[in-house]
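Biologist: I have a model open on my screen and would like to learn how to read it. Can you walk me through it?

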Amino acid sequence: MEDAIGELIERLFKGDRRALARAISIVEDGAPGSSRIMSSIYGKCGGAHIIGFTGPPGAGKSTIVDRVARHLRKMDKTIGIVAVDPTSPFSGGAILGDRIRMHEIAMDPAIFIRSMGTRGHLGGLARATGDVIRLMDAFGKDYVLVETVGAGQSEVDIVESAHTTVIVEMPGLGDDIQAIKAGILEIGDLFVVNKADREGIDKTVAELGTMLDLREWKDKEWKPPIIPAVAKEDKGVAEAVEVIRQHMEYLTQSGKLDVIVTKRLVEDYHELTRDLLWEQVLKGSKATEVKRLEDEVRSKKKDPYSAAEELVKSFDQ
Amino acid sequence: MPMDKRYRILVAKPGLDGHDRGAKVVARALRDAGFEVIYSGLHQTAEQIVEAAIQEDVDHIGLSILSGAHMTLVPKVLELLEQNQASDIKVTVGGIIPEEDGEELKKAGVVGVFGPGTPTDDLVDFLKSSLGVEE
Ligand SMILES: Nc1nc2c(ncn2[C@@H]2O[C@H](COP(=O)(O)OP(=O)(O)O)[C@@H](O)[C@H]2O)c(=O)[nH]1
Ligand SMILES: [Mg+2]
């Protein structure tokens, strides 16, 4: 019997990049075979250092990812890049343009770049981004660099997927440094203030520093460094790469890495169980009950809480 | 998991000319029609285009060529696709293409050739039917 998915998984493990590309599409589309692909590759995950890059649109995330990748290549590391851009809520389509900044590295056989649309998911990543990262990890990449949607303040999803989160800022976003504060300060392991060739760089760096100092830092706790950079000219990038390396060392030595990894495994297990249980429910004997209650919610006869409770109770009968 | 297929199209601008206004208009029209457009920018070599098409696992490649170099660039793209067992990815060319060149390119495997004034709706319709997009 022909087993296209099995064959695909085999090719993936042999390092065939077309198989990786196709597997990503299947998982992204939630097409038949996606669960099987993910469960076969899970055991091979864990080797990659996953680095997230987030920050406002135009700050230079793609440029920095490109430069960081080039530095890592000098250390002979292999790299996967996942670049997420927003999907239009009106058409469901998207323009994914991050490759524009990555021409130099695009032909390097040790680098694999994939663009993704958010497809309606909020939080700065697509629903399938976590799985795409895992696929690149299992494929054997030493580093996976993830560029999130630069929506401003809501892209906190990345901390759930990355080991190291880099916040990319730039001077002259009005006097709007307040905007950075919301959520972003807590998630950054490193702040790169890009476009240091522009006016206002000192002010932005200083304000960021002040805000970080408002918190109390414990002895031996990781305090995120602030690095001014001109990514376009490769200035500050080597320093950023060194900090990223040190951060991984910190995670390993402090035991935090183990905690993160274990926590994510358990979370994945919970999430997958939820998904599978729900699928079972939709296919099972209560399918009509699900539909009936959904109609009542739709027509506002029932609120979602009561409907959910009623559905769950119906399983006891 | 719910099925959520999007058709992906690489819009690329090979060659040396520096105008990508047309390519951007096409990219936006395709986005507005629900496609995921991977836009890779100016001055792309045939090798870069095919590599991007493979990594991004696109369903189609749209090449915008105004430089007159279509008779060398396009066959190169087709050849590289074949070398990579990726000839299932079809190619459309837009730009200033003389009619006889267009015919020759079609013989070589290009599925569509469009002049500069083509309404974007026509392009969208062509791609939808070429890819079998259901609405
Ligand atoms: N002046 C200046 N411009 C930069 C620098 N780094 C990137 N840019 C430019 O900023 C623009 C946005 O960069 P991009 O990497 O696409 O930003 P992203 O939207 O955050 O991914 C591009 O035109 C880059 O060339 C820099 O260090 N200085
Ligand atoms: Mg970008």
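Predicted model: local features only at pLDDT ≥ 70, side-chain atom pairs only at ≥ 80, totals over all residues.

Biologist: In what order do the elements of chain B run from the N terminus on?

Modeller: They run β-α-β-α-β-α-β-α-β-α. That gives five helices and five strands in chain B.

Biologist: What radius of gyration would a compact globule with 135 residues have, and what does chain B have?

Modeller: The rule gives a value near 14 Å for a compact globule, and chain B has 14 Å, so the two agree. Along its principal axes, the C-alpha trace of chain B spans about 45 × 35 × 25 Å. Of its 135 residues, 50% count as buried. Look at contacts too. Take those in chain B with a separation of 6 or more: residues 24 or more positions apart account for 71% of them.

Biologist: Now the sheet. In what order do the six strands lie?

Modeller: Read across the open sheet: β3(A)-β2(B)-β1(B)-β3(B)-β4(B)-β5(B), with parallel pairing. β3 of chain A and β5 (112–114) of chain B stand at the edges; each has a single partner strand, so one side of each is left without a neighbour in the sheet. From one strand to the next, the twist averages 20°.

Biologist: How many bridges join β1(B) to β3(B)?

Modeller: Four, and these two strands run parallel.

Biologist: Which strands do helices α1(B) and α2 of chain B touch?

Modeller: α1(B) packs on the sheet and touches β3 of chain A together with β1, β2 and β3 of chain B. Its direction makes about 155° with that of β2(B). Helix α2 (residues 46–55) of chain B also packs on the sheet, touching β1 and β3 of chain B. The α2 direction makes about 165° with that of β1(B).

Biologist: How far should the 12 residues of helix α1 of chain B span?

Modeller: At 1.5 Å a residue, expect 16 Å for residues 21–32; the end C-alpha atoms are 17 Å apart, which agrees.

Biologist: Which residues of α1(B) are buried?

Modeller: B:Ala23, B:Ala27, B:Ala29 and B:Leu30. They cover an arc of only 165° around the axis, so they lie on the same side of α1(B).

Biologist: What covers these buried residues?

Modeller: The cover includes β3 (94–96) of chain A, plus β1, β2, β3 and α5 (120–131) of chain B. Finally, look just after α1(B): B:Gly34 takes a positive phi of about 100°.

Methods:
Residues numbered from 1 in each chain as written. Chains lettered and ligands numbered in written order. Heavy atoms only, no water. Expected span 1.5 Å × (residues − 1). Buried < 20%, exposed > 50% of the residue type's maximum accessible area, 1.4 Å probe, protein only. Arc of directions from axis to C-beta. Contact = heavy atoms within 4.5 Å. Pairing = 2+ DSSP bridges. Axes fitted to C-alpha atoms, helices over the stretch in contact; angles between N-to-C directions. Rg over C-alpha atoms; globule rule 2.2 N^0.38 Å.
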